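Good morning, and thank you for coming.

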Amino acid sequence: MKNKIKILRAEKELTQGQLAEKLEVSRQTINAIEKGKFDPSLPLAFKLSKLFERTIEEIFQNEI
Amino acid sequence: MKKTKENCVSNTRKTTLNLSYWSGAWVLTMALVAFGPKFLWEENATLTIIAILVNLGFGIGLIFANKKHLNSLDELQRKIQLEAMALTLGVAVIFGLTYSNLDVTNLIGYDAEISHLVILIGVTYLAGSVIGTLRYR
């Protein structure tokens, strides 16, 4: 699944570590999500949505 | 109270440390059961039973410590552990039974030992965890 987390994170001037801290996950998890290697759970997707003030659909795009 | 990343990280560190203490205690008491009867208490049955029960107690503690540790991980770390466990279960069942068949049919010249299976399980789980960590890096 593609996502815009790296761009949105840059807009908010957050490092991966800082974003991980806000979401209460490891930096490795943020890195894996940004690279599209790992799809987050729905609760984590909602946390991202709330943090970036975007809908989940705006953040994540399905690659079908 | 709201959890912070620092709390999450320190909680994972704490449960990892806790898991290592339980693992160490279990391994030590296992050694006691294996070598104690011969070298420490001259095959005294009562002391051997006590040592076995103590080892079992630490083993049960280890199971709960491992569960607590898994619950302290975030979702990606849990996925890595789950994949390593799935690989380990498959390898243990398939290779364990093949090894047993080789023993039963006398195709190997020695008895199949449970310790060989435990070593295989440990090595597979370790390899699975390392591969998973590298894959999601």
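I begin with what covers the buried residues of α3(B): the cover includes α3 (27–34) of chain A together with α4 (114–135) of chain B. Helices here are DSSP runs of H or I with at least four residues, strands are runs of E with at least two, and both are numbered from the N terminus. The model is a predicted one, in which local features need pLDDT of at least 70, side-chain atom pairs count only at pLDDT 80 or more, and totals for chains, interfaces and linings use all residues. Residues are numbered from 1 along each chain as its sequence is written, while chains are lettered from A and ligands numbered from 1 in the order in which they are written.

Which residues of α3(B) are buried? They are B:L76, B:Q77, B:I80, B:A84 and B:T88. A residue is called buried if 20 or more other C-beta atoms lie within 10 Å of its own, exposed if 12 or fewer, and partly exposed in between, with C-beta atoms placed from the backbone. The helix itself covers residues 75–104 of chain B, 30 residues in total. From its first C-alpha to its last it reaches 43 Å, close to the 44 Å expected at 1.5 Å a residue; that expected span is 1.5 Å times one less than the number of residues.

Let me turn to the partner chain. Ten residues of chain B are in contact with 13 residues of chain A, where contact requires C-beta atoms, placed from the backbone, within 7 Å. On the chain B side, the elements giving two or more residues are α1 (5–39) and α3. The largest share, three residues, comes from α3(B).

Now to chain B as a whole. Chain B holds four helices and zero strands, in the order α-α-α-α from the N terminus. The radius of gyration of chain B is 19 Å, well over the 14 Å that the globule rule gives for 137 residues, so chain B is more spread out than a compact globule. The radius is taken over C-alpha atoms, and the rule is 2.2 Å times the number of residues to the power 0.38. Along its principal axes, the C-alpha trace of chain B spans about 55 × 40 × 15 Å. Of its 137 residues, 13% count as buried.

Chain B is divided into domain 1 (1–73) and domain 2 (74–137), with bounds from an automatic or database domain assignment. Their C-alpha centres lie 21 Å apart.

Finally, two loop residues deserve a remark. Most residues other than glycine have a negative phi. B:E43, in the loop between α1 and α2 (45–72) of chain B, has a positive phi of about 60°. B:E43 is exposed, with 9 other C-beta atoms within 10 Å. B:N106 follows α3(B) and is found in the loop between α3 and α4 of chain B. Its phi is also positive, near 60°, and with 7 C-beta neighbours inside 10 Å, B:N106 counts as exposed.

Note on methods: Two residues are in contact if their C-beta atoms, placed from the backbone, lie within 7 Å.
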